[in-house]
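Here are some friendly notes to read beside the model.

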Amino acid sequence: MDYVQPPKKTGLPREVLKWLQSLDLSISSKNVRRDFSNGYLVAEMFSCYYPEDFPMHSYDKGTSLPAKQGNWSQIERFLQKQNLHLMREVVDGTIHCKPGAAEILVQEVYTMLTNRRIKVVQGPEVDFTDWEYQEQLPLVARSTASKAIKNNLKITELMAEPNISTNRQKAEAIIHRHLEHRAAERIQNPGESLRGHIDLGPVVTLK
């Protein structure tokens, strides 16, 4: 599914930021990716519209994986009861602090709770990786394949889903995207040296 590309600076459209400020949340978000990861602020957002369904004393402000999972489990039970849906990929990306995921989730919650559509320009597909950042670097400074895995396969993902086969598939998907990007770079920049950027050695540790 293609998502709207989050704005570069704040990560959220102005109307969404103004809406968040109007909710008078307990924490003033300065880092969207970090602050919404554990689900506490998301629960607060819903509690402004469904106060009886979101007793905030039952939510944990902690940042550990169990705290995140507990909070999001409560949120998801409410959504199922109300026949509301957030994309699983977006929720998981938010939990694991993937680039762009929390911004998309907040915008989806905004639309869900206000019935307002955000007027934005459709951008490229967001894949919740650090590739947008990598593109801003000189070719020789960009990640190797093994570094791409480290950057884009979070430790909390491994803890939440310890299945070796599943995580190997995730790593292989990251490598596949990495090699596709490298191939495109060679076509666009045939004179630039990419020596040393196809280092796959550490990947064997996932077997």
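Is the crossing of helix 4 and helix 5 left-handed or right-handed? Point 3 has the answer.

1. **Ground rules.** This is a predicted model, in which local features need pLDDT of at least 70 and side-chain atom pairs count only at pLDDT 80 or more, while totals for chains, interfaces and linings use all residues. Residues are numbered from 1 along each chain as its sequence is written, and side-chain values use heavy atoms, with hydrogens and water left out.

2. **The overall plan.** The chain holds 10 helices and 0 strands. Here helices (H or I, at least four residues) and strands (E, at least two) are DSSP runs, numbered from the N terminus. Of the 207 residues, 43% are buried, where buried means under 20% relative accessible area, exposed over 50%, and partly exposed in between (1.4 Å probe, protein chains only). A contact means heavy atoms within 4.5 Å. Among the contacts with a separation of 6 or more, 64% join residues 24 or more positions apart.

3. **Helix 4 against helix 5.** Back to the opening question: the crossing of helix 4 and helix 5 is right-handed. The rule is that a crossing is left-handed if the near helix is turned anticlockwise from the far one by less than a right angle, and right-handed if clockwise. The axes of helix 4 (residues 65–81) and helix 5 come within 11 Å and cross at roughly 150°. Axes are lines fitted to C-alpha atoms, for helices over the stretch in contact, and angles run from 0 to 180 degrees between N-to-C directions. Helix 4 and helix 5 are therefore roughly antiparallel to each other. For the naming, angles under 35 degrees count as roughly parallel, over 145 as roughly antiparallel, 65 to 115 as roughly perpendicular and the rest as oblique. From helix 4, Leu65, Lys68, Trp72 and Glu76 meet Arg88, Val91, Thr94 and Ile95 of helix 5. The residues of this contact divide into 4 nonpolar, 1 polar and 3 charged. In that count, Ala, Val, Leu, Ile, Met, Phe, Trp, Tyr, Cys and Pro are nonpolar, Asp, Glu, Lys and Arg are charged, and the others, Gly among them, are polar.

4. **A lysine worth a look.** Leaving aside residues up to four places away in sequence, Lys68 touches Ser37, Asn38, Thr63, Ile95 and Cys97. Lys68 and Gly39 are 29 residues apart in sequence, and their C-alpha atoms are 6.3 Å apart in space. One of the residues that Lys68 touches, Cys97, takes a positive phi of about 55° just after helix 5.

5. **Helix 5 against helix 6.** The axes of helix 5 (residues 88–95) and helix 6 (residues 101–114) come within 8 Å and cross at roughly 125°. That makes helix 5 oblique to helix 6. The crossing of helix 5 and helix 6 is left-handed. Val90, Val91, Gly93 and Thr94 in helix 5 meet partners in helix 6, including Ala101, Ala102 and Leu105. By class, the contact of helix 5 with helix 6 has 6 nonpolar, 2 polar and 1 charged residues.

6. **Inside helix 5.** The buried residues of helix 5 are Val90, Val91, Gly93, Thr94 and Ile95. They pack against helix 2 (32–35), helix 4 and helix 6. Thr94 counts as buried, at 0% relative accessibility. Its contacts, beyond four places in sequence, include Arg33, Phe36, Trp72 and Ala101.

7. The axes of helix 1 and helix 6 come within 11 Å and cross at roughly 70°. That makes helix 1 roughly perpendicular to helix 6. The largest nonpolar core has 35 residues, and Trp19, Phe36 and Val109 are among those with the most contacts inside it. Such a core is a set of buried Ala, Val, Leu, Ile, Met, Phe, Trp, Tyr and Cys residues joined through side-chain atoms within 4.5 Å. Helix 6 gives the most to this core, with 8 residues.
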